[in-house]
Each structure stands twice: as structure tokens, then as C-alpha cells.
Amino acid sequence: MGQSRSIEISVLEARRKIFNKLCSAYRRSGQDPNFGLLAYNVMVELAIPRNLFAEALDGFADVRGELIVEMFERNGERYIRLGETAKYNCSD
């Protein structure tokens with residue numbers, strides 16, 4: 001397996017971890033529309049290197065171009081949350 005293939009697998013694994021973390025948090029929030037997690041805390045908790053985390057976030061668009069995971073700022077901090085269409089894929 002080449003290095004680029006290994007990186008691709010690492011990015012996919014990082015996306016899976018991020019999505020699962022956001023789904024769990026979204027459900028725990030009672031599906032609060034203002035829900036969001038500090039991006040830095042998610043990166044640290046999931047032990048994803050910064051460059052891999054950024055690449056994983058960049059790839060969160062579905063085939064229609066809608067964001068699966070959105071990044072936003074609140075009080076000068078960067079947060080991430082599920083996009084509207086992704087919320088329907090977070091079932092118990």
C-alpha cells in the first residue's frame with residue numbers, strides 16, 4: 001500500500017470518528033439546533049493530528065454539495081456541528 005493510500009484511509013477513519021462524535025453529542029443535546037462542539041477539543045479527544053483533522057473536515061460535503069459537518073465561529077472560537085441533512089443520519 002502506498003503512502004497516499006495510507007493517508008486516504010487515515011482521512012476516512014478521521015471523518016468516521018468525527019461524524020460519530022458529533023452524532024453522539026447531537027443526540028445528547030436533545031437535538032438542539034444551536035449545538036456545536038469546540039473543534040480543537042474534538043481533535044484532541046479523538047487524537048487526530050491537526051493536518052489530518054483539517055483534511056477530514058474539508059472533505060465533509062455530500063454529493064449534492066451540502067455540508068455534512070459545518071464549521072462556525074462563536075465568541076472567537078471555532079466549533080463544528082452536523083449539517084442539516086446529516087442530522088437525519090444520526091439515529092439511535
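A residue counts as buried here when its relative accessible area is under 20%. Keep that cut-off in mind for the tour of this predicted model.

**Stop 1: helix H1.** Select residues 3-28, which form helix H1. The helix has 26 residues and reaches 38 Å from its first C-alpha to its last, close to the 38 Å expected at 1.5 Å a residue. Now colour its buried residues: Val11, Ala14, Ile18, Phe19, Lys21, Leu22, Cys23, Ala25 and Tyr26.

**Stop 2: the cover.** What lies over these buried residues? Show strand E1 (37-38), helix H2 (39-45), helix H3 (50-58), strand E2 (69-74) and strand E3 (77-82), which are included in the cover.

**Stop 3: lysine 21.** Select lysine 21 within H1. Is lysine 21 buried or exposed? Its relative accessible area is 19%, so lysine 21 is buried, since the cut-off is under 20%. Leaving aside residues up to four places away in sequence, lysine 21 touches Arg28, Leu37, Val42, Glu45 and Leu46.

**Stop 4: after the helix.** Move on to glycine 30, which follows H1 and has a positive phi, near 75°.

**Stop 5: the sheet.** Select E1, E2 and E3. They make an open sheet of three strands in the order E1-E3-E2, with antiparallel pairing. Zoom in on E2 and E3, which run antiparallel and are joined by six bridges.

**Stop 6: helix and sheet together.** Show H1 again with the strands. H1 lies across E1, E2 and E3, and runs at about 85° to E3.

Key:
Residues numbered from 1 in each chain as written. Predicted model: local features only at pLDDT ≥ 70, side-chain atom pairs only at ≥ 80, totals over all residues. Heavy atoms only, no water. Helix = DSSP H or I, 4+ residues; strand = E, 2+ residues; numbered from the N terminus. Buried < 20%, exposed > 50% of the residue type's maximum accessible area, 1.4 Å probe, protein only. Contact = heavy atoms within 4.5 Å. Expected span 1.5 Å × (residues − 1). Pairing = 2+ DSSP bridges. Axes fitted to C-alpha atoms, helices over the stretch in contact; angles between N-to-C directions.
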